[in-house]
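Work through the exercises below with the sequence and the structure open. Try each task before reading its solution.

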Amino acid sequence: MVFAPGPSDPFYEIMQPPPDETPAQAIARKQQEREAQARSDEIDEDIKQAREIAKKEKNVVKVLLLGQSESGKSTTLKNFRMRYAREDWEKERNGWRAVVQLNVVRSIITILGIVENELNDGSNPELDDNELIRTVDRDAELETPEFGEEHRLLSSRLAPLHSVETELKRRLGAGSESVQTDQPMVSTPFEGVPDSDLNPRRAMVEFAVRSWKDVIDYNGRPLFTNETIASLDYLSDVIAGCKDDMQALWNDKNVRIALKRRKLRLPDSAGFFLNDLERIASRDYVVSDNDIVRARLRTVGIQEHHIKFRHGPFDNPKVSPVSVFDQRLEEDPRVNRLEDSIILWKSICESKLLAKTQLILFLNKCDLLRRKLKRGIKVKDFLPSYGNRPNEVMPVVKYLREKFKDIQKQASPEVRSTYIYPTTVTDTQATAVTLESGKFLHL
């Protein structure tokens, strides 16, 4: 029914038809009014349904997961989804196959770049290290690696992987806008863009997408046509054919020496995949839960997921890696990564928009912290306030926990509950126990 105001309505005069309106114009006007009323009715119905849903879901909690780049946000989210959205998790499983393959291929190509540089007597200063992360290893052996004809042959036989990488990136980007992360970035939202002369290294260019949903659909496959799926099967055959050579490259003593000598390391997930090439680089490869959790697919957009929790005080988790005390931000080498985490944590605690939210802090990557400390890296050399405390995992975690706790108490606009928990979110079994029990350290 079209709305028709009475003579006493303020809109009566406005809604009267023009005095010189023709019959054809009147028909067109009435049709437009009916269409406008239909749209209005649809909007009213949508609002009504939204209110009904809101009443039914009055216990819905909105969780905002925050953290710096590579802190473990995506891995944390994967653990939540694996535990509480199992049906969708299973539907998406096969879709992660291409992502894992891209992780493997990119790691191998990065190593090949180092090998080729060594074969050229290290004369190539523009070595493509876009998947490498600089790290400090002052105890690294300075033994000179020896590269020869066997390495040239390996490099030649693995050359097809370059086209495989290009094709995988193209296929994965088919459902999403590929994001080039070579623009100037800052360490926190509160700083200006750093001067270019402060960053001597080329900006890291990493394949990225806006969201998982752009790449992995709910039918268990990437967003491809039948033709492109066949093409991906061909790429799997190429990877399987290179398996022996990839294993030989990864296990080569001189390659390991070169990696250590350059004080460079591959992403955390690289070793996990490259140590399991026998399984992953096969034609009948089936993606495991651990593969999905460790698969690196950088996302630069905001993602929204719906998960049903059985219990747990989840409200506003923040992920902070504890193993980065000796690292600097790739996008701003002036800033220590641990310092950046502290700045982010303080800004979250100070936010008036989040004043009434419960905070949960995951002190993540305790496994990597343990490895660094075993190599003899001293926390106090990078964090002077740590002093002469034991250079061991638990004392370091306890110290950082107290620091974050003090910041929360001082910065929060009002008193609130906060939970802090040391985690290694790549350990799916331990993380599952934590999520299932809902037991957090209450401060």
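Predicted model: local features only at pLDDT ≥ 70, side-chain atom pairs only at ≥ 80, totals over all residues.

Residues are numbered from 1 along each chain as its sequence is written, and side-chain values use heavy atoms, with hydrogens and water left out.

**Exercise 1.** Find out how helix 4 and helix 9 pack.

Step 1. Helices (H or I, at least four residues) are DSSP runs, numbered from the N terminus. Helix 9 covers residues 253-261, and helix 4 covers residues 97-119.

Step 2. The two axes are 10 Å apart, at an angle of about 90°. Axes are lines fitted to C-alpha atoms, for helices over the stretch in contact, and angles run from 0 to 180 degrees between N-to-C directions. Helix 4 and helix 9 are therefore roughly perpendicular (65 to 115 degrees).

Step 3. Helix 4 makes the contact (heavy atoms within 4.5 Å) through Ile111, Ile114, Val115 and Glu118, and helix 9 through Val255, Ala258, Leu259 and Arg261. By class, there are six nonpolar, no polar and two charged residues. Ala, Val, Leu, Ile, Met, Phe, Trp, Tyr, Cys and Pro count as nonpolar, Asp, Glu, Lys and Arg as charged, and the others, Gly among them, as polar.

**Exercise 2.** Is Glu118 buried or exposed?

Step 1. Buried means under 20% relative accessible area, exposed over 50%, and partly exposed in between (1.4 Å probe, protein chains only).

Step 2. Glu118 has a relative accessible area of 14%, so Glu118 is buried.

Step 3. Leaving out residues up to four places away in sequence, Glu118 touches Pro145, Phe147, Ala258, Arg261 and Arg262.

**Exercise 3.** Which residues have the most contacts inside the largest nonpolar core?

Step 1. A nonpolar core is a set of buried Ala, Val, Leu, Ile, Met, Phe, Trp, Tyr and Cys residues joined through side-chain atoms within 4.5 Å.

Step 2. The largest one has 50 residues, and Trp96, Ile108, Leu158, Leu161, Leu168, Met246 and Leu249 have the most contacts inside it. Helix 4 gives the largest share, 13 residues.

Step 3. Beyond four places in sequence, the contacts of Met246 include Ile108, Leu158 and Leu161.

**Exercise 4.** How many disulfides does the whole structure contain?

Step 1. A disulfide is a pair of cysteine sulfur atoms within 2.5 Å.

Step 2. The search finds zero.

Step 3. Cys242 is buried at 6% relative accessible area, and Cys349 is buried at 0%.

Methods. Helix = DSSP H or I, 4+ residues; strand = E, 2+ residues; numbered from the N terminus. Parallel < 35°, antiparallel > 145°, perpendicular 65-115°, else oblique.
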